[in-house]
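This briefing covers a helix, a nonpolar core and a surface patch. Please look over the structure before reading the points below.

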Amino acid sequence: MIRPLLTVSAGTLSSRLLGFVRDALVAALLGAGAVADAFLLAFQLVNVTRRLLTEGALNAALVPAWLRVREHNGAAAAAAFAGRLLGTVALATLVLAVLVGVFMPLLIALLAPGFVGQPTLGMAVRDARLMLPYLAFAGPVAVMMGLFNAQGKVGLTAFSPLLFNAALIVVTAVLLFASDDDVAAAWLLSATVGIAGLLQLSILVFNSRGEKLATPLRVSFDTAMRAFFVKAIPGMIANSGPQLLIVIGAIVASSTPSAVSWLYFANRLIELPLGIVGVAMGAVLVPELARAVRGDDRAAQSEAASRGLELALGVALPATLGLIVLREPIVRLLFEHGAFGAEDTAATALALGILALGLPAQVLAKTWSAAFYAREDTRTPLIATLLALAVALVAALLLGRLLGAAGVALAIVLGGSSNAAVLLAQGLRRFGVSIDAAARRRLVLIAVAAAAMGGLLTLKASFVLPWAAPAGALAQAAALGVLIAGGLIVYGGLLVLFGVVRPAALGTALRSPRGLRG
């Protein structure tokens, strides 16, 4: 699985890095006050939509269903199924966008009760309505990405989200130099979101010419479509668990000035490793497991699950330690510009350090969910996600009063951990979580290598960062680059030394993948 996983991860990493550039520009443009809180809350709705639809969530239900139709009825029947699905989803998201626009004031009031009676509420409603065209485009984008993934063509789906962030970066950069009115800037930036969604759809349509992925295109609510959505909607909600946890946090934090912005920017850093793992698991591990489950190949199921878990934790553990150790200099370098001040950096860094503690659990939840999706069980991940949201809400109400935004961040960690625990317990009860002996050995060695990297990183940071802090942004960037590169070299070197990664075997896998077709 390594080559398609690396392809998807590279695309996700590129998109996330562009997302950092975008968020750094937004922070400089809007700061962390009322205008930023309004814009970022509205943008959370877009992010939830992306998780619900485009970032592997619909894929979890579409891939097994499409494979089943193709195996039983042939390629033409699979294309007809996809055509009905594409037309129906396009109509449904268009109607949903109109309804959400009508009821947007009520929705924003429910999501941010602290905004009620404040000018922030009106700004958030306006920004969210301007972003709504994205919702209409997101449905067709999600279906087309799922169809490409089902055929093993993961490269296009991995890199198409780059257009979304690129469009926002261009507009934000122009506004940063051309506009002194942050309210008008937020208005123009919100309007750009829909255009960015159209760009992403256009590139997918252009590359599907002659493929006959979804023909004929039509709207249908027949039995097959209803059965698909009964399975898909729970999976879409469940796959959006991490983003929904942040929304729960924003609901509670909305009564504290700037807290919504602090949590948003901290979570953006968490989403880098989480997105790499989560999108890769959805695009690669779900199809691989689905084929093994449909063939009743126990050995293939165990191997896919074991390798997926190794790759997931191999990214999550060093990322967790790195974000905790380097949280403040990272936030300062990325966001402390323009209207985003030192106080905002300190609060965001504190939230980041706490959220990073929950990253391994969230990655495990993403990985274990794939085993349920491959069996076309979307109900169990949904129940686990709903329980996680309930835990997070209760904990946020309690801890938020005591610790402010930091307490809300801790509540999000507790929610994500409960999600992973429920999925593991249900997996053991239902079909067993079969992890082979090689994975059990390598996971211990991965943890040791990550801990060693974290210790050395802490030691090096204590010498390097005090020197770089007063020397300006360029010196800070250089110091961070050295620390991160050094940490990666130490971690990678230990993995090779421990035999977790064998360069020769890795090279063979990259040249001749035996997993996904195409």
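Which residues of the largest nonpolar core touch the most other members? In this predicted model, they are Phe39 and Phe43, in a core of 158 residues. Helix α13 (residues 259–294) supplies the largest share of this core, with 16 residues.

- Leaving aside residues up to four places away in sequence, Phe39 is in contact with Val26, Leu30, Asp127, Met131, Ala186, Leu189 and Ser190.
- As background, nonpolar side chains tend to be buried together in soluble globular proteins.

**Helix α12**
- Helix α12 spans residues 241–253, which makes 13 residues.
- From first C-alpha to last, α12 reaches 18 Å, close to the 18 Å expected at 1.5 Å a residue.
- Helix α12 is largely enclosed by the rest of the structure, because 12 of its 13 residues are buried.
- Among the buried residues of α12 are Gly241, Pro242, Gln243, Gly249 and Ala253.
- The buried residues also include Leu244, Leu245, Ile246, Val247 and Ile248.

**Nonpolar surface patch**
- A nonpolar patch on the surface is formed by Leu91, Leu94, Val95, Val98, Leu99, Val102, Phe103, Leu106, Leu110, Val219 and Phe221.
- Together these residues have about 1,000 Å² of accessible area.
- Two or more patch residues come from each of α4 (75–102) and α5 (104–111), and α4 gives the most, with 6 residues.
- Val95, a member of the patch, lies in helix α4.
- Val95 has 42% relative accessibility and therefore counts as partly exposed.

Definitions and conventions. Residues numbered from 1 in each chain as written. Predicted model: local features only at pLDDT ≥ 70, side-chain atom pairs only at ≥ 80, totals over all residues. Heavy atoms only, no water. Helix = DSSP H or I, 4+ residues; strand = E, 2+ residues; numbered from the N terminus. Expected span 1.5 Å × (residues − 1). Buried < 20%, exposed > 50% of the residue type's maximum accessible area, 1.4 Å probe, protein only. Core = buried A, V, L, I, M, F, W, Y, C linked by side-chain atoms within 4.5 Å. Contact = heavy atoms within 4.5 Å. Patch = residues over 30% accessible without salt bridge, like charges linked within 9 Å, V, L, I, M, F, W, Y side chains within 5 Å. Areas by Shrake-Rupley, 256 points an atom, 1.4 Å probe, with all protein chains shown as cover. Salt bridge = Lys/Arg side-chain N within 4 Å of Asp/Glu carboxyl O.
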